[in-house]
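Student: Please take me through a close look at one part of this model, with the cut-offs behind each term.

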Amino acid sequence: MSGAEAEAKADAEANAESGEFDEIAAAERDRDPDLAVIEAGSRTLRALAGPPGGDLPTRPDDPELDRALAEVEAELLARWPETKLDPSTARMTALMDVLGEPQRGYPAIHITGTNGKTTTARMIEALLGGFDLRTGRYSSPHVQSITERISVDGAPLSAERFVEAYQDIKPYLDLVDAAQEHRLSFFEVLTGMAYAAFADAPADVAVVEVGMGGSWDATNVIDGSVAVITPISLDHTARLGDTPEQIAVEKAGIIKPGARVILAQQQIDAASVILRRAVAADATVAREGMEFGVLSREVAVGGQLLTLRGLGGEYPEVFLPLHGAHMAHNAAVALAAVEAFFGVGDGRPAAPLDQEVVRAAFAAVSSPGRLEAVRTSPTVLLDAAHNPGGALATADAVTEAFGFSRLIGVVGATEGKDVRGLLEAFEPIFTEVVVTRNATQRALDVDALAALAVEVFGEERVQVEPRLDEAIEAAIGLAEEEHEYAAAGVLITGSVITVGEARLLLKGGR
């Protein structure tokens with residue numbers, strides 16, 4: 001084959017691959033306009049990545065089951081999306097009533113805050129599982145598959161069980177819809193599915209993460225015997241308020257009478273609001289930095305080595321396979337929450353939990369999409385930071401854990417977020433930034449994102465690639481300049497949705 005023929009063949013293959021990507025991406029937008037992930041990716045991007053799917057669920061191999069799951073997703077997405085809210089728990093209360101109050105069938109640990117909720121929930125789940133309790137975990141949003149949101153025994157519901165969970169409650173949805181001013185929303189129906197699935201399992205304990213806020217969140221029909229509040233910062237300000245104090249008012253709404261409250265480090269104004277709510281509810285508060293906390297931490301291969309102080313004493317030599325000070329603080333909060341659930345520190349003589357069980361549980365924790373390495377040579381990291389607080393924590397963690405001499409950012413953000421603040425948090429660590437967009441309707445326009453990036457980074461450090469796959473390719477090319485394989489890296493961030501799409505591009509999985 002001549003050089004010209006070879007070049008023509010390569011161009012044809014590239015065009016075919018590009019056409020396939022566009023076709024799949026377009027189909028995904030139609031199927032899931034708010035939370036779509038692009039189920040496509042080039043062989044080049046996946047060549048040096050990990051196994052397909054990783055530890056997250058992928059599309060079912062069975063075509064009939066895949067079609068059934070897609071139909072359920074379509075019905076859910078025909079309802080109000082997560083971005084459209086009516087601040088009331090009236091519909092959820094009505095749904096729980098017709099379902100027979102499934103959320104009363106097990107105790108719960110209820111988690112709110114601005115950043116760290118999902119990772120903290122996964123840590124709590126791992127610890128409870130280590131003590132042979134059957135857990136149900138409800139988290140949002142998902143990274144790759146909607147089935148991730150509902151887990152039993154540490155694993156997401158199978159596609160088959162997820163479809164069954166929806167079909168089980170579907171007749172009752174019509175009853176509630178008919179009696180309410182507004183139909184149940186996407187998030188409310190998923191919450192109902194989770195609570196019913198946990199009762200059916202049956203779960204010994206539910207670990208429930210709020211969707212937004214707390215007091216009027218759909219999850220707040222549950223009575224958490226332990227209320228966990230992770231660090232509060234500015235996010236969803238149009239809904240929750242534009243100061244930490246105002247946001248804390250909503251988040252403190254998960255504190256129920258007589259509950260144990262596990263309070264992560266907070267700004268003073270936010271902490272004051274939460275403490276006042278706890279007093280009014282006759283709840284007992286344990287504060288990070290006072291009753292529990294991180295005593296020491298050292299960077300280790302693949303994570304960090306911690307000494308934690310819990311409500312019952314010290315826990316030395318805890319290996320956590322996650323990077324950054326913020327993850328260590330999440331671990332301290334999770335440990336205190338589990339101790340509180342078991343009654344440690346409630347007035348009886350305090351004693352630590354079984355330290356070997358605690359160590360084994362933390363060593364097994366994973367948190368997909370949170371400083372997750374998905375490729376080497378160069379290293380490609382995914383992180384779901386989507387607000388300035390999360391971005392600052394990620395930037396600090398990258399600086400501490402990775403010795404990059406050249407780090408290229410790939411940023412795809414969501415409308416309505418403090419994108420300038422996010423970019424400013426990453427500016428000190430990004431050599432250059434490639435701005436792009438994910439495939440959803442909520443994605444920030446790439447030209448608007450580029451304009452902000454130029455203001456923060458300067459024009460010479462900004463590259464624009466509207467398609468995510470091409471943005472990743474461009475960033476990898478920049479990282480490989482001057483053959484700096486060992487010292488160069490790529491960080492893909494800005495949105496959970498962007499990270500989910502990138503994860504599928506790099507790791508595959510239908």
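**A helix pair, and a helix elsewhere**

Tutor: Helix α13 (residues 388–401) packs against helix α14 (residues 419–426) at an angle of about 10 degrees, their axes 8 Å apart. Because angles under 35 degrees count as roughly parallel, over 145 as roughly antiparallel, 65 to 115 as roughly perpendicular and the rest as oblique, α13 is roughly parallel to α14. From α13, the contact uses Pro-388, Ala-391, Leu-392, Thr-394 and Ala-395; from α14, Gly-421, Leu-422, Ala-425 and Phe-426. Contact means heavy atoms within 4.5 Å. By class, this contact has 7 nonpolar, 2 polar and no charged residues (Ala, Val, Leu, Ile, Met, Phe, Trp, Tyr, Cys and Pro count as nonpolar, Asp, Glu, Lys and Arg as charged, the others, Gly among them, as polar). Axes are lines fitted to C-alpha atoms, for helices over the stretch in contact, with angles from 0 to 180 degrees between N-to-C directions. Helices (H or I, at least four residues) and strands (E, at least two) are DSSP runs, numbered from the N terminus.

The model is predicted: local features need pLDDT of at least 70, side-chain atom pairs count only at pLDDT 80 or more, and totals for chains, interfaces and linings use all residues. Residues are numbered from 1 along each chain as its sequence is written, and side-chain values use heavy atoms, leaving out hydrogens and water.

Elsewhere, helix α5 (residues 117–130) holds Thr-120. Thr-120 has a relative accessible area of 0%, so it is buried (under 20%; exposed is over 50%, partly exposed in between, with a 1.4 Å probe and protein chains only). Setting aside neighbours within four places in sequence, Thr-120 is in contact with Thr-230, Asn-330, Val-333 and Ala-334.
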